[in-house]
Amino acid sequence: MELSVVIPTLNGRDHLAATLDVLAANAPDAEVVVVNGPSADGTTGMVRDRDDVDVLVEVSDRTLNVSRNAGIRAASGDVVAFLRHDLAVEETWTDAIEAGVERAPVVTGPVHETLPAGMTTTEPERRRIRNREVTYFNGGNVAFRSEILDELDGFDEYLETGGAHDAAHRLAGLDREVAWESELCVRTEYEADGGVDERDHEWKYRALSYRLVKNYGVRPTVVRRVASHAGSDAVAAARDVVTGSATPTGWVGNGRDVVVGIATGWSDGLVARARDRTAARNPHGCSKRADRAVAKYDRR
């Protein structure tokens, strides 16, 4: 197995340095591709001063899926792993990837994250949507055989959030399995805040509606899933208003953002479904743009 590790980063210099230190110790033979951008904290200089990073790609777009696709373009391994810039790999990580891709084209594993309330660990998550068995994965700890990334045409660059979930739906549409390896472990080296980005109600529902409509079309199942998410969030927000932790004005504003997000995502999902009728369902993928990288430093 020739392993490439793609690490997207944005203004995470110190956390990235710690991640690279552990990666060099536990996966010394892996090709390391850092996709930076556009950071303003000295990340470029720090990475260029290291001899354990094979490729540094600078991009001008802050969208995570653009960074992932730029990393795919730069990677040369027959297996490409994606690692979040603030996660450290365990000693068993590389062996678990090799074992996993022997039995499935995509493999993922647990993320151990320190939160104020204690340690949390992700578990396998699967959903049956229409006739598909969808296996979700954490986009910060997953490895693909390179030919599967070609089939998917990478990640959908329309999405500012939810790119890994979208890829999971598309893998299911291609009838490709996602394996779970418990030894494919990563962990945070510090306490995460565990907070939710409250600014993004609009993008949350825009992404949800977009990926469901794009992958499944306009169906009752899609309507029910979007409505279920929106209803749960509305009840939780109303509870916050009652307890005094949120204002009625904020609740109304969030509701407006949800409606706008659903409408926009629904419309754009229909357009995307019409533009790419193949099983890949990716009209904004790797092959659609050639201008992601503004600079590339390659030591290979």
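Which residues is tryptophan 266 in contact with, leaving aside its neighbours within four places in sequence? I looked this up first, and I found Ser209, Val213, Val218, Val222 and Val223, where contact means heavy atoms within 4.5 Å.

Before going on, I noted that this is a predicted model, in which local features need pLDDT of at least 70 and side-chain atom pairs count only at pLDDT 80 or more, while totals for chains, interfaces and linings use all residues. Residues are numbered from 1 along each chain as its sequence is written, and side-chain values use heavy atoms, with hydrogens and water left out.

**Tryptophan 266.** I placed this residue in helix α9 (residues 248–275), helices being DSSP runs of H or I with at least four residues and strands runs of E with at least two, numbered from the N terminus. Tryptophan 266 counts as partly exposed because its relative accessibility is 22%; buried means under 20% relative accessible area, exposed over 50%, and partly exposed in between, with a 1.4 Å probe and protein chains only. I also checked alanine 179, which is 87 residues from tryptophan 266 in sequence and 31 Å from it in space, C-alpha to C-alpha.

**Helices α6 and α7.** I then turned to helix α6 (residues 163–173) and helix α7 (residues 201–216), whose axes come within 10 Å and cross at roughly 15 degrees; axes are lines fitted to C-alpha atoms, for helices over the stretch in contact, and angles run from 0 to 180 degrees between N-to-C directions. The two helices are therefore roughly parallel to each other, a label for angles under 35 degrees. On the α6 side I listed His165, Asp166, His169 and Arg170, which meet Arg211, Leu212, Lys214, Asn215 and Tyr216 in α7.

I also asked how enclosed α6 is, and found nine of its 11 residues buried, so it is largely enclosed by the rest of the structure. Among the buried residues are Asp166, His169 and Arg170. After α6 comes aspartate 175, with a positive phi near 60 degrees.

**Threonine 9.** I located threonine 9 in strand β1 (residues 3–9) and found it buried, with a relative accessible area of 4%. Not counting residues up to four places away in sequence, threonine 9 touches Leu16, Val34, Val35, Asn36, Gly37, Ser39, Thr43 and His85.

**Cysteines.** Finally, I searched the whole structure for disulfides and found zero, taking a disulfide as a pair of cysteine sulfur atoms within 2.5 Å. Cysteine 185 is buried at 10% relative accessible area, and cysteine 286 is buried at 6%.

How values were computed: Parallel < 35°, antiparallel > 145°, perpendicular 65-115°, else oblique.
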